[in-house]
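Reader: Could you take me through the aromatic rings in this one? I'd like a close look at how they sit together, in plain words please.

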Amino acid sequence: QVQLVESGGRPVQAGGSLRLSCAASGRPFSTYAMGWFRQAPGKEREFVATILWRGGMTDYTDSVKGRFTISRDDFDRTGYLQMNSLKPEDTAVYYCAASAYRHSDNYKNTAAYDYWGQGTQVTVSS
């Protein structure tokens, strides 16, 4: 089995920064891409950022461009989401996800990913 575990979420004041980590463990698998999604109460899970594991191409949802940076450490089998200039509207449970192969689904859709973490809470206060 494969496990993804997020860490780093905590309460933070608006304008502050956090770095979320996503550690993979369990059986080895070929990682095509890693993504970060978030879900606020009463809202659908939404795309935040993605990175191609090998080549490093990244993409972000418009609301976080210039503030968030996605990265990965292939040796440690860990992904990261650096979040700067946090806003109250960033408050959500953040989930990391990984795809083992190139799906036909768009990378912004949850269906494009094979493995999911349990989430880490990020709360940004005014």
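Author: Here is a walk through the aromatic rings and the charge beside them. Keep in mind that this is a predicted model. Searching the whole structure turns up five aromatic pairs. Take Phe-37 and Tyr-113 to begin with: their ring centres are 5.4 Å apart and their planes stand at 80 degrees, and since over 60 counts as edge-to-face, that's what this pair is. The two partners come from distant parts of the chain, 76 residues apart: Phe-37 belongs to strand β4 (residues 33-39), while Tyr-113 is in the loop between β9 (92-99) and β10 (115-116). Are these two buried or exposed? Phe-37 has a relative accessible area of 1%, so it's buried, and Tyr-113, with 6%, is buried too.

Now look at Phe-47 and Tyr-107, another edge-to-face pair, with 5.9 Å from centre to centre and 70 degrees between the planes. This pair also links distant parts of the chain, with Phe-47 in strand β5 (residues 46-52) and Tyr-107 in the loop between β9 and β10, 60 residues apart. Phe-47 is buried at 7% relative accessibility, whereas Tyr-107 reaches 30% and so counts as partly exposed.

Arg-45 lies over the face of Trp-116, 5.1 Å from the ring centre. The charged end of Arg-45 also sits over the ring of Tyr-95, at 3.7 Å from its centre.

Notes
Residues are numbered from 1 along each chain as its sequence is written. This is a predicted model: local features need pLDDT of at least 70, side-chain atom pairs count only at pLDDT 80 or more; totals for chains, interfaces and linings use all residues. Side-chain values use heavy atoms; hydrogens and water are left out. Rings of Phe, Tyr and Trp (its six-membered ring) pair if their centres lie within 6.5 Å; planes under 30 degrees apart count as stacked, over 60 as edge-to-face and the rest as tilted. Helices (H or I, at least four residues) and strands (E, at least two) are DSSP runs, numbered from the N terminus. Buried means under 20% relative accessible area, exposed over 50%, partly exposed in between (1.4 Å probe, protein chains only). A charge sits over a ring if NZ of Lys or CZ of Arg is within 6 Å of the ring centre and within 35 degrees of the ring normal.
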